[in-house]
Each structure stands twice: as structure tokens, then as C-alpha cells.
Amino acid sequence: MSLTGRILTATPPLPLGTLIRSDDEPPLTVPRDPAREAARRELSKRLYHDHDPSLLQRALDTLWDWIGDLLATASGATPGGTVGVLVVLTAVVAVVGALWWRLGTPRRQPTSATALFDDRPRTAAEHRAAAEAHASQGHWNQALQERMRAVVRSLEERALLDSRPGRTADEAAAEAGRALPAHGDRLHAAARAFDDVTYGGRPATEQAYHRITELDHDLERAKPPLTASSSPSTAPTTRRGAAE
């Protein structure tokens, strides 16, 4: 063995935390805890983290890892492995889509009926003006509600309905249908549309608004049918004519 090899072999390793300053100076020994703290401060500097992933990227990576582990677990328990999992997921999505298409958007059922008018009394003309203003801006929910209020207020102004606070749309339609039976079905349909928009969470459409608007115009010209007692009797005239 050469002399250099014997020297390298005989030289013991330096303890942790020992720094060699130069050939003619003794090594500098740093205690373990201060050395660790100094390394931590050094590594916490920004220049070492410029290329670290962002918080969002780390969250996404964690999410994808979780999904991957879940799929791996499911594929191990499902016949066919990953293909079987995909088939099952596709079937579930197809069933959900079919139910959504068949049943439509879930409707919220009102827990209790609410009064048709919820603010200060206004005339039918004021409700119609408010409805037209909402319709001109495409706010069909508010337009339909105001037009239905105009229908009921107009019937109250004509004394076809009594002015009763707290009346609901269904109650107004039922009472108005008795006074104007030729329009009973349309009145009930208008009340259902009002309830769907106001309490059921369904958006109104332009067509639904125009249907209630046409109903409003038709009701303005409608007259209640004459009762048998109010119709003129022609029996005496007939008898006189027969006698002559």
C-alpha cells in the first residue's frame, strides 16, 4: 500500500457538525441543535421555494391521489377491474340523467299558503304597469306575479270578488271561477303558475306571462252569467199571444 493510502486509511472521519477551516487551523465544531436551526433558516429562504407547486396545485394533487386510490380500491373489488368500475359509473350517470329528464327539476313544496298581496294596497292599473315594466326587462318571475295580482285586484274593483286581505291565489281563482265559470280553468292554471314561481322555485317563462296577460284582458270584458231569477220571463207574453 502506498503512503497516501495509509494516510487516508488512518484518518478517522470527522464528527457531525465539524467544519475544516484550513490546513493549519483546527476544525470548528458546531453543536447539533444550533446547526440544525441554522440549516432550517437557510432552507426557509424564498430562493429555495420559487419552483414549489402552489397551494391550489397541492390541493388538486391530493384530490387526484385520493380519487386514484379510490378507483384502485374499487377496481380491485369489482369484476373486470377498472373497466368494470367505468361501466358501473356510466350506468349510474345514465340512470340519474333519465330520472332528471323524466321527473324534471325537483320542486320545493310550500309548507303553508301565503297571501297573494304582501305589500300596501295597489290598484289593478298599478299592478299592470309594474308587470309591464318587469316584462320589458325580461324579469318574467316578477312580471307574472304582478299580472296575477292585477287580475285579482281588477275583479275586486268590479265587485266580482270581495276585498279580503290574506287571500291566496288558489282561493281567488276558486272564488272568481264561481263568478265567471267560463274562465274557471284558466284562472286555476294562472294560480298554479303563480304558486310555482312564488313558492315552488320554478322560473316563469315569457309564454306563461302572456297567457295570464290574455286572461287579464278577457276578464275585463267578461260578465257574470245572469241567474234564472234575473232573466225576464216570457211566459205571460206567450200566454197572451196564444190567447189572441
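Axes here are lines fitted to C-alpha atoms, for helices over the stretch in contact, and angles run from 0 to 180 degrees between N-to-C directions. Keep that in mind for the helix stop below.

**Before you start**

This is a predicted model, where local features need pLDDT of at least 70, side-chain atom pairs count only at pLDDT 80 or more, and totals for chains, interfaces and linings use all residues. Residues are numbered from 1 along each chain as its sequence is written, and side-chain values use heavy atoms, with hydrogens and water left out.

**Stop 1: the whole chain**

Show the protein as a cartoon. There are 10 helices and two strands. Helices (H or I, at least four residues) and strands (E, at least two) are DSSP runs, numbered from the N terminus. The order from the N terminus is α-β-β-α-α-α-α-α-α-α-α-α. Of the 244 residues, 26% count as buried. Buried means under 20% relative accessible area, exposed over 50%, and partly exposed in between (1.4 Å probe, protein chains only).

**Stop 2: helices 7 and 8**

Select residues 169-179, helix 7, and residues 184-198, helix 8. Their axes are 9 Å apart, at an angle of about 175°. That makes helix 7 roughly antiparallel to helix 8. The cut-offs are under 35 degrees for roughly parallel, over 145 for roughly antiparallel and 65 to 115 for roughly perpendicular, with the rest oblique.

Now colour the contact residues. On helix 7 they include Ala 169, Ala 173 and Gly 177. On helix 8, Leu 187, His 188 and Phe 194 are among them. Contact means heavy atoms within 4.5 Å.

**Stop 3: the aromatic pairs**

How many aromatic pairs does a search of the whole structure find? It finds two. Rings of Phe, Tyr and Trp (its six-membered ring) pair if their centres lie within 6.5 Å; planes under 30 degrees apart count as stacked, over 60 as edge-to-face and the rest as tilted.

Select Trp 140 and Tyr 209. Their ring centres are 5.7 Å apart and their planes lie at 45°, so this pair is tilted. Trp 140 sits in helix 6 (residues 140-157) and Tyr 209 in helix 9 (residues 206-221), so the pair ties together parts 69 residues apart in sequence. Both residues, Trp 140 and Tyr 209, are buried.

Next, select Phe 194 and Tyr 199. Here the centres are 6.3 Å apart and the planes at 75°, so the pair is edge-to-face. Phe 194 is buried at 1% relative accessibility. Tyr 199 is buried too, with a relative accessible area of 16%.
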